[in-house]
Amino acid sequence: MIAPTPRFELRDVRVDGDEGPIVDGFSACVPSEGLTVVMGPSGAGKTTLLRLLNRLDDPDAGTVLLDGRDVRTYDVLQLRRRVQSVGQVPVTFPGTVGDNVGRDVARLLAHVGLDPALASRDADRLSVGEAQRMALARSLALGPDVLCLDEPTSALDATSKGGIEDLVRHLADEGLTVVMVTHDPRHADLADHIIRVQPLRTNGTRRVDEDAPTSEDDGSLPGGER
Amino acid sequence: MTVVLLASTSSSLVSGPVTFGDIALSLLLVLFAAAISRWQRVGLERDMAVATLRSFVQLLAVGYVLEFVFTGHGWLTPLALAVMVATAALTSGARARRVPGSRLVAAASVSVATAATLGVLAAARIVPVSPRAIVPLGSMVITAAMNTTSLVMTRLHDDLAANRREVEARLSLAQSSHQAALPWLRASLRSAMLPSVDQTKVVGLVALPGAMTGMILAGASPLAAIRLQLVVMYMLLGGNAFAALVAATLTARRLFTPAHQLVRQLRRTPP
């Protein structure tokens, strides 16, 4: 049996920061079914990788494929409509919740567990948890195939956390490809698939000691797929 | 209507033209300033000396250049304007070094503002197409456009850097880079255009502006002076708007990639 084409495939990806590469030689697959959790300590480059999926950034080397095609060959705005992304801290735009979500407001608010009566409320008067749900509704309004979430619960209190986790799980069960970046080890239990990201060795040290390799410098590639 | 630019020479300055001797005497006022600076230990005496010397040399040189251009060498007018535009572009570009290609942005916005305003004034015969009209008007609109351009470039850059989470949230929702930058683009246009609007509102009530005071000092009738001043103010209002629009549009374009991404340099600006 031929394995199905993964939703995303990252091949030998490198992204440079100011002080050298943030991720280097990274390869991984995101299956089109279910919830894929990207785990790793902070500073490992998880967010950097997530930003490649909707082309908020492009890799300095390597390729990112969506449904087997280089993401750079898609019209970027259409790509972003298909691959929605919600950040760590919810961003609210001026206006009401309804203005923010745009279309199909009542249904989408109910879908993300918000009272449809909130539609007429000023978006910046929502709690952080409510705003995060609204941001999800705003993304779903574009009818995406993929939802990318960057630590969606890290800014929330325990109660809101659980609610968002249930919602994310539910959206994945409904058939959306969900990619969630997290440093919370508990999220492994939610996941259908896990991608682990290891930090590169401290670039500063490596740069300074470039001419004097140490015994630790065994040349193995950091980063990679479980 | 043609505004008379030449003051009648008959009544030029109450006590006749300023001589070099008069200038030497007026240096007394600089000495006062230097004395205050030394007495209060402000430490600006050296700067004052340099500034005084520079102003004398620069203006003397410009005086000779203008005299040369006005007396039968009018064909040098475009060159004079080009030098002023280039200097303004370099100055403004250096002020907004954070914007990639800031000098080119500044050159474009200052040139467009200058060409558009002088073009209208000349085409409609509002001022005579002579070096004596075009060079001083050009210098005014170029200076204003330069300041506006610096303001728009730095403000738009800093606003987009400070609000990059929101900008990227908009991009993620499939907005184009222009749409995503629009709130801050508008804010930068507004802040760049407001001062000239306010100046135009209070003119005469608060300040008697330069062109008008110059003409009155030179002996022109106040009514002739205000007619010129009105043209100058409207020119500056228009010139600033052109400069702001071109600077904002080009700056926004420089801060995004063709793939509607914020340039990396901007994303990494410390908040």
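Val57(B) lies in helix H2 of chain B, where helices (H or I, at least four residues) and strands (E, at least two) are DSSP runs numbered from the N terminus. The model is predicted, and local features need pLDDT of at least 70, side-chain atom pairs count only at pLDDT 80 or more, and totals for chains, interfaces and linings use all residues. Residues are numbered from 1 along each chain as its sequence is written, chains are lettered from A and ligands numbered from 1 in the order in which they are written, and side-chain values use heavy atoms, with hydrogens and water left out.

Chain B contains 10 helices and 0 strands. Its C-alpha trace spans about 70 × 55 × 40 Å along the principal axes.

Val57(B) belongs to a nonpolar surface patch together with Val18(B), Phe20(B), Ile23(B), Leu53(B), Phe56(B), Leu60(B) and Tyr64(B). Patches are made of residues with over 30% relative accessible area and no salt bridge; like charges are joined within 9 Å, and nonpolar side chains (Val, Leu, Ile, Met, Phe, Trp, Tyr) within 5 Å. The accessible area of the patch is about 800 Å² (Shrake-Rupley method, 1.4 Å probe, with only the protein chains shown counting as cover for residues). Helix H1 (20-39) and helix H2 (45-70) of chain B each supply at least two of the patch residues, and H2(B) gives the largest share, 5 residues.

The axes of H2(B) and helix H5 (residues 131-162) of chain B come within 10 Å and cross at roughly 145 degrees. Axes are lines fitted to C-alpha atoms, for helices over the stretch in contact, and angles run from 0 to 180 degrees between N-to-C directions. In this contact (heavy atoms within 4.5 Å), Leu66(B), Val69(B) and Phe70(B) of H2(B) meet Pro131(B), Arg132(B) and Val135(B) of H5(B).

Over all chains, 20 salt bridges are found, each a side-chain nitrogen of Lys or Arg within 4 Å of a carboxyl oxygen of Asp or Glu. One of them joins Asp57(A) to Arg264(B), with the closest N and O atoms 3.2 Å apart. This pair crosses between chains, from the loop between helix H1 (46-53) and strand S4 (61-66) of chain A to helix H10 (residues 264-267) of chain B.
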